[in-house]
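This report covers protein–DNA contacts, the relation between the protein chains, and a sheet.

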2 protein chains.
Amino acid sequence: MPIRNGLRPMWWHGRFRGCGYRITAPREAILDVLSKSDKHLSAEEIYIKVHTYYPAVGLTTIYRTLDILSNMGLIFKFDFGDSRARYELSEGPKGKKHHHHLICTNCNRIIDYADFIDEEIKLLEQTEKELLKRYNFKSTNHLIRFYGLCEKCQKNELN
Amino acid sequence: MPIRNGLRPMWWHGRFRGCGYRITAPREAILDVLSKSDKHLSAEEIYIKVHTYYPAVGLTTIYRTLDILSNMGLIFKFDFGDSRARYELSEGPKGKKHHHHLICTNCNRIIDYADFIDEEIKLLEQTEKELLKRYNFKSTNHLIRFYGLCEKCQKNELN
DNA sequence: TTAAGAATGGAAATCATTATCAATAAGAGG
DNA sequence: CCTCTTATTGATAATGATTTCCATTCTTAA
């Protein structure tokens, strides 16, 4: 599992250089881990994965890089209430677009969903319009989560 | 500012005892502070307010009590991303019902929004129904936030 | 009034995240 | 390919919110 694929340019290299950042081995490793996972990884989880085949990387670098990536908009940073930030690629090969979360309060599984329902889109648009009218609040972004029971936990509840 | 109003029963005493908890001076002080504030207070902010006229109370007790209150559903616990939990009364005299938040990304002001329009409620219910159909996810609660600019910050932006 | 054990507070411990700083390495220019 | 500038790195220490410990105090049922 070579991390640095020679000089082969990655999809994010351009954007990265454009922002004045250098391409380094740790950064490639971190993005490699992120692009190969479909989970919401914490800094430490990323650190461990990177560390297995690249022991030289320090946790500090993980945090620093995640911060840069987050500010650039290349990754999303979430807080699901387990007292650690979690990160997820927002673009590229396996990248996700803006999405909402379903959070199982029993097993803590997190389900991403982006195939928004017509009703949901309508709800958002109307609400944003209403917020502007009533509070003069100009919304530019939103966070939507549903808490409840996932399929498995509903079945297990029958026991 | 007497905290303990003699033996006058407070609105929350019954519920509190019902859960097997004792009525104590620190707990009365904390609920007093919460019920007199309409802000989203952090544990330390509550500690300082309680501390001014009740110096004996320790920060540990603040955390413990907030935890109990939160589990009982008497207060809401929120995380607005400033690395400290914030609490708000959910019932009683000044208590709020379920509401959503508008968060100004410029001045960090937080506006509660609970005067939902019928349309919004209907759309939300439909969305939850649809989530059950598509993902077999049984939603019991939700978190909705809008990030953007409040009235003041929109005006200041013109400068 | 009293005894059982719930509640308290101060100090120490946790734990995720940041700050510090000397050493290293990316990459522009020659 | 070599060199210089300076961004980047990693080890370690620091920070800051929240918890854990534990001996002492207080609430409350009987």
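Predicted model: local features only at pLDDT ≥ 70, side-chain atom pairs only at ≥ 80, totals over all residues.

Thr60(A) has a side-chain N or O atom 3.4 Å from a base nitrogen of DNA strand C. From chain B, a polar side-chain atom of Arg64(B) is 2.5 Å from a base nitrogen of DNA strand C. A polar contact is a pair of N or O atoms within 3.5 Å; within protein, one atom must be able to donate a hydrogen and the other to accept it, and residues adjacent in sequence count only if both atoms are side-chain atoms.

Of the atoms of DNA strand C that come within 4 Å of the protein, 66% belong to sugar and phosphate. A residue is near a strand or molecule if one of its heavy atoms lies within 4 Å of it.

By class, the surface comprises seven nonpolar, six polar and seven charged residues. Here Ala, Val, Leu, Ile, Met, Phe, Trp, Tyr, Cys and Pro count as nonpolar, Asp, Glu, Lys and Arg as charged, and the others, Gly among them, as polar. At least two residues each come from helix 4 (59-72) of chain A, helix 2 (25-36) of chain B and helix 4 (59-72) of chain B. Helix 4 of chain B gives the largest share, three residues. Helices (H or I, at least four residues) and strands (E, at least two) are DSSP runs numbered from the N terminus.

## Relation of the two chains

The same surface serves both copies, with 95% of the contact residues of chain A recurring in chain B. Contact means heavy atoms within 4.5 Å, and the superposition is by least squares on C-alpha atoms of residues with pLDDT of at least 70 in both copies.

Chain A has an open sheet of three strands in the order 1-3-2, with antiparallel pairing. Strand 1 (41-42) and strand 2 (75-79) are at the edges with a single partner strand each, so one side of each has no neighbour in the sheet. Two strands pair if DSSP finds at least two bridges between them.

Strand 1 of chain A pairs with strand 3 (residues 85-89) of chain A over two bridges, in the antiparallel sense. Ser42(A) is opposite Arg86(A) of strand 3.

## Conventions

Residues are numbered from 1 along each chain as its sequence is written, while chains are lettered from A and ligands numbered from 1 in the order in which they are written. Local features need pLDDT of at least 70, side-chain atom pairs count only at pLDDT 80 or more, and totals for chains, interfaces and linings use all residues; side-chain values use heavy atoms, with hydrogens and water left out.
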